[in-house]
Amino acid sequence: MTDPTPLSSLSSALADLVAQAQPAIVSVHSHRQRASGFIWKPGLIVTADEALADEGEIEIRFADGGTRPATIAGRDHTTDIALLRIETDVAPIKLSPVVPALGSLAVVVATERGAPAAALGMVSVSGAPWRSLRGGEINARIELDVRLRHGQQGGLALDASGEAFGMAVLGPRRVLVIPTATIERVAARLETHGRIARGYLGLGLQPLRLDDGIGAMVMNVDKAGPAAAAGIRQGDVIVAVNDQKLSGVRALTRSLGPDSVGSIISVAARRGGEPLSFKVTVGERPQA
């Protein structure tokens, strides 16, 4: 009997990794939409929010072919994470906090048209935390050089040792991985609160260059919002927040994360050239 070649050994090892993860991988069916997902905790499934329909019933198909209905526990479009509740005794997958090294191999274990699926690729980007186009805070930038079909979104990304390091999703012209740290943070909030709170001032702002820096002109004010209650008016120019000069409207918006809700911030502004200051209690952004 001949010894196995390195390629056959690699092939067998990859097949074993997929087989070990497969029981926790599910197919998510929601009103003409198909996605993948995985058992995150007992009775809780994580899937890709972008691939989940906005309405209608949700059916989960398990690796053994069985199906069960599920309900939405919460969803966050900014990080592309949705959490589903379901009655099941399937064991959850253990997620690893590891961020894979650039150039390392990765396997995406998912489903396609309800059947098990897998794809092999390489980690093409492994970098620092970043913010999505919708404002979600992602703990690490991980991109995969792999082909991913729409229905495979929500599948698990495994490293060469079989550790699950995140959820594979389709980004603009690339495959992204939502890392474990982000999943654990967001899914835990969704489990408890059903949504991710975002800070809200109730202001429409326009960047404005000043002689001594950058400002933000108030273009419109939500009359029922926190800023209006504090006395800020249309036409005011915000120049600083919490004694820090304003670096831009986007930076101000980014500072209004979940932990900002309920906090009191000091806002320095100018009205007709005269300096003013306000104390604003950050509210919670209304649901769209």
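Analyst: One term before we start. A residue is buried under 20% relative accessible area, exposed over 50%, and partly exposed in between. Also, this is a predicted model.

User: OK. Is Glu-191 buried, exposed or partly exposed?

Analyst: Partly exposed, because its relative accessible area is 27%.

User: What does the side chain of Glu-191 meet in a salt bridge?

Analyst: The side chain of Lys-41, at 3.2 Å from N to O. Lys-41 lies in strand E2 and Glu-191 in helix H2, so the pair ties together parts 150 residues apart in sequence. Lys-41 counts as partly exposed, at 33% relative accessibility.

User: How many salt bridges does the structure hold?

Analyst: It holds 9. Among them is Arg-174 with Glu-143, the closest N and O atoms being 3.3 Å apart.

User: Which strands do Arg-174 and Glu-143 lie in?

Analyst: Arg-174 is in strand E14 and Glu-143 in strand E11, so this pair ties together parts 31 residues apart in sequence. Glu-143 is buried, with a relative accessible area of 10%. Arg-174 counts as partly exposed at 31%. Shared partners also join Arg-141, Glu-143 and Arg-174 into one salt-bridge network.

User: Where does the charged end of Arg-141 sit?

Analyst: Over the ring of Trp-130, 4.2 Å from the ring centre.

User: And how many aromatic pairs are there?

Analyst: The count comes to 0.

User: What is the lining of the largest pocket like by class?

Analyst: It has 11 charged, 9 polar and 5 nonpolar residues.

User: What about the second largest pocket, how is its lining divided?

Analyst: Into 8 nonpolar, 5 polar and 6 charged residues. The volume of this second largest pocket is about 380 Å³. Of its 19 lining residues, Trp-130, Ser-132, Leu-133, Pro-172 and Leu-176 lie nearest the centre. Strands E9, E13 and E14 each give two or more residues to the lining.

User: One last pair. What does Arg-131 meet in a salt bridge?

Analyst: Glu-137, with 3.2 Å from N to O. Arg-131 is partly exposed at 26% relative accessible area. Glu-137 also counts as partly exposed, at 37%.

Methods: Residues are numbered from 1 along each chain as its sequence is written. This is a predicted model: local features need pLDDT of at least 70, side-chain atom pairs count only at pLDDT 80 or more; totals for chains, interfaces and linings use all residues. Side-chain values use heavy atoms; hydrogens and water are left out. Ala, Val, Leu, Ile, Met, Phe, Trp, Tyr, Cys and Pro count as nonpolar, Asp, Glu, Lys and Arg as charged, and the others, Gly among them, as polar. On a 1 Å grid over the protein atoms alone, a cavity is a set of points where a 1.4 Å probe fits but cannot get out, and a pocket is an open set with protein on both sides within 12 Å along at least five of seven lines; lining residues have an atom within 4 Å of a point. Grid points are joined across faces, edges and corners, and a volume is the space filled by probe spheres set on the points. Helices (H or I, at least four residues) and strands (E, at least two) are DSSP runs, numbered from the N terminus. Rings of Phe, Tyr and Trp (its six-membered ring) pair if their centres lie within 6.5 Å; planes under 30 degrees apart count as stacked, over 60 as edge-to-face and the rest as tilted. A charge sits over a ring if NZ of Lys or CZ of Arg is within 6 Å of the ring centre and within 35 degrees of the ring normal. A salt bridge is a side-chain nitrogen of Lys or Arg within 4 Å of a carboxyl oxygen of Asp or Glu. Buried means under 20% relative accessible area, exposed over 50%, partly exposed in between (1.4 Å probe, protein chains only).
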